Amino acid sequence: MLGRLCSTPNPTVTEADAKGELARVSASTREGLVAQIAKLSSRNEHAVARLPEGRFVRSFPRGGKIGAGQITGGLGDGHARRQSEDHLAAEAGVAPVTYQSEKSRGVGW
């Protein structure tokens, strides 16, 4: 597009004008994308909050609003097969794990 604008016979259109127009179009496009992302994030947050395990999943380390949706989506729809919150945490990969070497012992996530 820039090449086409610069090669037009209209001498009043300069390269700077063309670059300015491209920057305005780019900024406008980004604003629209940011607005759509905000809408989808809000819908995702509300959908996770309505699920039986939603509040619990949001409490996971690094769960957060978006992470909880990703974790819940990855776990699937097997609500009935999870016996407890501990079972859910283990399945989601956030159960504590004990690690040990000759010199140290600790628990991590």
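Of the 109 residues in this chain, 18% are buried, where buried means under 20% relative accessible area with a 1.4 Å probe, protein chains only. What you see is a predicted model, in which local features need pLDDT of at least 70, side-chain atom pairs count only at pLDDT 80 or more, and totals for chains, interfaces and linings use all residues. Residues are numbered from 1 along each chain as its sequence is written, and side-chain values use heavy atoms, with hydrogens and water left out.

The chain has five helices and two strands, in the order α-α-α-α-α-β-β. Helices (H or I, at least four residues) and strands (E, at least two) are DSSP runs, numbered from the N terminus.

Now the pair. Helix H2, residues 15–50, packs against helix H4, residues 64–75, at an angle of about 60 degrees, and their axes are 9 Å apart. Axes here are lines fitted to C-alpha atoms, for helices over the stretch in contact, and angles run from 0 to 180 degrees between N-to-C directions. H2 and H4 are therefore oblique to each other; oblique is what remains once under 35 degrees is called roughly parallel, over 145 roughly antiparallel and 65 to 115 roughly perpendicular.

Which residues meet? From H2 they are Ser 41, Asn 44, Glu 45 and Val 48, and from H4 they are Lys 65, Ile 66, Ala 68, Gly 69 and Thr 72, with contact meaning heavy atoms within 4.5 Å.

Last, burial in H4: Gly 67, Ala 68, Gly 69, Thr 72 and Leu 75 are buried.

Conventions:
Buried < 20%, exposed > 50% of the residue type's maximum accessible area, 1.4 Å probe, protein only.
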